[in-house]
Each structure stands twice: as structure tokens, then as C-alpha cells.
Amino acid sequence: MARLKESPSQTAGPYVHIGCVPGFAGLEGMYNGEDPGAVMITGTVAASPLTLTCMVIDGDGQPLKDAMVEIWQAGPEGAFGQTPNFTNWGRGATDSDTGLVQFETLRPGAVDGQAPHILVWITARGINLGLTTRIYFEDEAAQNARDAVYQLAGDRAATLVARKTQAGYHHDIRLQGDGETVFFDV
């Protein structure tokens with residue numbers, strides 16, 4: 001019987017942006033002029049919008065200026081697909097000048113006993129498989145401490161917590177080195 005061999009993995013390469021965030025690649029006119037996931041709030045919502053910025057940082061401490069970040073989250077009521085005019089999903093590329101990606105979203109509610117959080121998926125050159133992590137909020141410390149997934153991160157749980165800023169929240173995602181973010185094997 002012939003044995004099958006595992007195929008070699010490939011990085012996402014520079015081309016992932018063309019189909020996923022063509023605006024970042026300088027391509028216009030695709031997807032009716034708006035990159036998929038660029039807008040999470042599609043109309044009037046009852047909750048206040050929340051601005052979340054993230055920076056993906058490499059092992060040398062430098063911001064990645066071509067990473068793609070996707071987020072999934074519950075709405076303010078702690079459920080998916082229940083908030084009118086809210087998609088629960090966003091996608092963006094880190095800025096080629098600052099390395100930041102920004103999402104205009106809503107603060108997620110707690111889902112099934114978990115602390116309010118945002119699920120994050122990151123891909124970029126040199127990353128063979130997308131990386132999955134979570135973002136928790138620093139002003140939810142009591143709920144965070146009771147969250148089973150947060151607890152699994154142990155003494156590295158702080159790498160999952162976004163800090164409050166004047167504009168909303170900011171979170172650094174460190175790919176390697178000191179303060180490396182906890183990533184989940186999913």
C-alpha cells in the first residue's frame with residue numbers, strides 16, 4: 001500500500017492581501033469598493049461603538065506592516081448574529097506606515113460564562129499557519145480571572161489583555177520573544 005506524505009507548508013506570501021484586503025494591495029473596484037470585513041457596524045446600533053487598535057510585533061520588536069488580522073466576537077448581548085447592523089466579524093491589514101490595524105466594533109458581551117473577549121486570527125509573511133489568540137479587556141479583571149481559557153494562559157495571561165486608551169482599547173500581539181502572546185492550537 002502506498003504511503004501518503006505530508007505536503008510542505010507554504011507561507012501566505014505577499015498575495016494573500018490581493019483577495020482578502022485588496023485595498024491594502026492598492027487594488028480598487030473589488031467587492032464593490034470595500035474590503036471584506038472592513039466595516040463591522042453597518043447602520044444604527046443601540047450600543048456605543050468601540051475602537052480597537054492592534055499592533056503585530058515580530059521577534060525583533062518591530063511592527064509587522066503587512067499582517068492581516070481578522071476578529072470574531074459576540075455582540076453586546078453576548079451572542080452571535082443577534083445585534084442588528086453588526087456583523088460580528090472584521091478584517092484588516094496592518095498599516096504600512098505605523099503597523100497598526102484598527103477596528104470600529106462594539107464591546108462584546110460575555111458568552112456562556114466566558115469573560116467578554118474577541119477572537120483574533122493573524123496571518124503574514126513567514127507565518128505558515130494562521131495564529132489564533134484572544135483579546136480580553138483590562139477593565140474586566142474579575143471576569144477574566146474566572147474565564148477558563150484565560151486561566152489556561154497561566155502566568156502569560158497578561159499577553160491577552162488589551163489596555164484602555166483615550167480612543168478605546170489597544171493590544172500588542174507579539175509573535176516571538178519576551179512577552180510573546182499566547183496562541184491557541186486550533
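Buried means under 20% relative accessible area. At 11%, arginine 134 therefore counts as buried. The views below come from a predicted model.

**View 1**
Arginine 134 sits in strand β6. Its relative accessibility is 11%, so the residue counts as buried. Two side chains make polar contacts with the arginine 134 side chain. One belongs to glutamine 114, at 2.8 Å. The other belongs to tyrosine 136, also at 2.8 Å. Arginine 134 also forms a salt bridge with aspartate 147, and the closest N and O atoms there are 3.7 Å apart. Aspartate 147 lies in the loop between α2 and α3 (148-152), so this pair ties together parts that are 13 residues apart in sequence. Aspartate 147 and arginine 134 are both buried.

Side chains of opposite charge can pair when their charged atoms come close. Here glutamate 70 forms a salt bridge with arginine 91, with the closest N and O atoms 2.7 Å apart. Glutamate 70 belongs to strand β2 (residues 68-73) and arginine 91 to strand β3 (residues 89-93), so the bridge ties together parts that are 21 residues apart in sequence. Are these two residues buried or exposed? Glutamate 70 has 6% relative accessibility and counts as buried. Arginine 91, at 14%, counts as buried too.

**View 1. A salt-bridge network at arginine 107.**
Salt bridges link Arg107, Asp139 and Glu140 in a network. Within it, arginine 107 pairs with aspartate 139, and their closest N and O atoms are 2.8 Å apart. Arginine 107 is in the loop between β4 (100-106) and β5 (117-123). Aspartate 139 is in the loop between β6 (131-137) and α2 (141-146). The pair therefore ties together parts that are 32 residues apart in sequence. Arginine 107 is partly exposed, with a relative accessible area of 23%. Aspartate 139 is partly exposed as well, at 41% relative accessibility. How many salt bridges does a search of the whole structure find? The search finds four.

**View 2. The eight-stranded sheet.**
The sheet is open, and its eight strands run in the order β3-β2-β5-β6-β7-β8-β1-β4. Pairing is mixed. Which strands stand at the edges? They are β3 and β4. Each has a single partner strand, so one side of each is left without a neighbour in the sheet. From one strand to the next, the twist averages 30°.

**View 3. Strand β1 between β8 and β4.**
In the strand order, β1 comes between β8 and β4. Eight of the nine residues of β1 are buried, leaving the strand mostly covered. With β4, β1 pairs in the antiparallel sense over seven bridges. On this side, threonine 51 stands opposite glutamate 104 of β4. With strand β8 (residues 169-174), β1 pairs in the parallel sense over six bridges. There, isoleucine 57 stands opposite arginine 174 of β8.

**View 4. The pairing of β6 with β7.**
Strand β7 covers residues 161-164. β6 and β7 pair in the parallel sense over two bridges. Phenylalanine 137 stands opposite alanine 162 in β7.

**View 5. Two loop residues with positive phi.**
Asparagine 85 is not a glycine, although its phi is positive, at about 65°. The residue is found in the loop between β2 and β3. At 34% relative accessibility, asparagine 85 counts as partly exposed. Aspartate 112 is not a glycine either, and has a positive phi of about 45°. This residue lies in the loop between β4 and β5. Is aspartate 112 buried or exposed? With 73% relative accessibility, aspartate 112 counts as exposed.

Which residues make the nonpolar surface patch of about 250 Å²? They are Leu27, Met30 and Tyr31. Tyrosine 31 is found in the loop between α1 (16-20) and β1 (49-57). Its relative accessibility is 43%, so tyrosine 31 counts as partly exposed.

Technical notes:
Residues are numbered from 1 along each chain as its sequence is written. This is a predicted model: local features need pLDDT of at least 70, side-chain atom pairs count only at pLDDT 80 or more; totals for chains, interfaces and linings use all residues. Side-chain values use heavy atoms; hydrogens and water are left out. Patches are made of residues with over 30% relative accessible area and no salt bridge: like charges are joined within 9 Å, nonpolar side chains (Val, Leu, Ile, Met, Phe, Trp, Tyr) within 5 Å. Accessible areas come from the Shrake-Rupley method with a 1.4 Å probe; for residues, only the protein chains shown count as cover. A salt bridge is a side-chain nitrogen of Lys or Arg within 4 Å of a carboxyl oxygen of Asp or Glu. Helices (H or I, at least four residues) and strands (E, at least two) are DSSP runs, numbered from the N terminus. Buried means under 20% relative accessible area, exposed over 50%, partly exposed in between (1.4 Å probe, protein chains only). Two strands pair if DSSP finds at least two bridges between them. Axes are lines fitted to C-alpha atoms, for helices over the stretch in contact, and angles run from 0 to 180 degrees between N-to-C directions. A polar contact is a pair of N or O atoms within 3.5 Å; within protein, one must be able to donate a hydrogen and the other to accept it, and residues adjacent in sequence count only if both atoms are side-chain atoms.
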